[in-house]
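Please read the following briefing alongside the sequence and the coordinates. It moves from the overall make-up to individual elements and residues.

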Amino acid sequence: LIGMEIIDVTDSKIVMRCLTTDFDVLDVLKRMGQIICEMINLIEDYLKDKSVGVIDIISKLEEDTDRFYLLTIRLEHRKLRKIPCPVNLDEMKQLLGVRIVAKLLEEIADSLYDIPVILNNNRGEENKILLSLLLEFKRVFRCVLDAYFDNNIFSCEDAIEMVEDFENRIIKIRTKVETNKLAIDSLLEACRYTKSIGEIAFNKAVREVFIEY
């Protein structure tokens with residue numbers, strides 16, 4: 001449908017909104033997170049059965065994250081025009097944070113897309129370690145994203161600690177394995193972008209506390 005976009009997907013429903021209407025930019029970020037989780041699921045499938053057709057689907061999802069990133073920019077510009085003078089610094093910081101998170105999510109999608117492409121050019125390599133890392137990354141990514149939306153300082157601290165531990169684990173594993181180093185590097189890159197989201201989430205939660213008091 002022209003002008004319609006899927007902004008939420010669960011096992012029981014699909015939510016579509018018209019792009020000409022106002023809606024919360026956080027819904028766009030949530031949708032980007034859902035797309036990334038779907039990419040991870042498809043990469044898992046690829047690691048298990050090596051179906052080349054999966055790469056085309058992952059590519060389409062990666063393009064979707066690009067489109068949603070551009071949508072967040074448009075929404076941000078629309079909100080900036082509505083900010084009264086004198087400028088509300090808290091609102092400006094919030095808009096900047098949303099813009100950065102959207103870009104980080106887009107970069108995570110790019111990094112994840114590189115994994116099946118790299119593996120397709122190195123068929124026959126052992127993928128058990130990479131699959132294990134991918135499953136752990138999915139858990140870490142979801143925790144960080146939940147912390148961002150929950151605005152809970154303690155959840156943010158736990159999420160940051162979790163992603164840092166995972167980052168160190170990837171680095172240690174990379175020095176020991178002989179195969180899939182480039183794919184592991186892409187996952188490490190996605191992990192570092194995720195850690196940046198966690199740090200933004202923490203700053204956002206702290207700012208919300210100060211606003212309340």
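Helices (H or I, at least four residues) and strands (E, at least two) are taken here as DSSP runs, numbered from the N terminus. On that basis there are six helices and two strands in the protein, and from the N terminus on the order of elements is β-β-α-α-α-α-α-α. This is a predicted model, in which local features need pLDDT of at least 70 and side-chain atom pairs count only at pLDDT 80 or more, while totals for chains, interfaces and linings use all residues. Residues are numbered from 1 along each chain as its sequence is written, and side-chain values use heavy atoms, with hydrogens and water left out.

**Surface and burial**

- Buried means under 20% relative accessible area, exposed means over 50%, and partly exposed lies in between (1.4 Å probe, protein chains only); of the 213 residues of the protein, 43% count as buried.
- The accessible surface of the protein comes to about 11,400 Å², with 54% of it belonging to carbon and sulfur atoms; such areas come from the Shrake-Rupley method with a 1.4 Å probe, and for residues only the protein chains shown count as cover.
- Contact means heavy atoms within 4.5 Å, and among contacts between residues at least 6 apart in sequence, 74% join residues at least 24 apart.

**The strand pair**

- Strand β1 (residues 4-9) and strand β2 (residues 14-18) pair in the antiparallel sense over five bridges, where pairing requires that DSSP finds at least two bridges between the strands.
- A hairpin of four residues joins β1 to β2; V9 has I14 in β2 as its bridge partner, and D8 stands opposite V15 in β2.

**The nonpolar core**

- A nonpolar core is a set of buried Ala, Val, Leu, Ile, Met, Phe, Trp, Tyr and Cys residues joined through side-chain atoms within 4.5 Å; the largest one has 61 residues, and those with the most contacts inside it are L105, I108, L112, F137 and L187.
- At least two residues of this core come from each of α1 (25-49), α2 (53-82), α3 (89-120), α4 (128-150), α5 and α6 (181-212), and α1 gives the most, with 13 residues.
- Leaving out residues up to four places away in sequence, L112 touches I36, M39, I40, I43, L134, F137, L187 and A190.

**Helix α5**

- The 24 residues of α5 (residues 153-176) should span 34 Å at 1.5 Å a residue, and its end C-alpha atoms are 35 Å apart, which agrees; the expected span is 1.5 Å times one less than the number of residues.
- Within α5, the buried residues include C156, A159, I160, V163, F166, E167, I170 and I173.
- An α-helix has 3.6 residues a turn, so residues three or four places apart point the same way.

**I200 in helix α6**

- I200, which has its place in helix α6, counts as buried because its relative accessibility is 17%.
- Apart from neighbours within four places in sequence, I200 is in contact with G97, I100, V101, L104 and Y148; I200 and Y148 are 52 residues apart in sequence and 7.7 Å apart in space, C-alpha to C-alpha.

**Two loop asparagines**

- Most residues other than glycine have a negative phi.
- N151, in the loop between α4 and α5, has a positive phi of about 60° although it is not a glycine, and N151 is partly exposed, with a relative accessible area of 28%.
- N180, in the loop between α5 and α6, has a positive phi of about 60° and is not a glycine, but N180 counts as buried at 8% relative accessibility.
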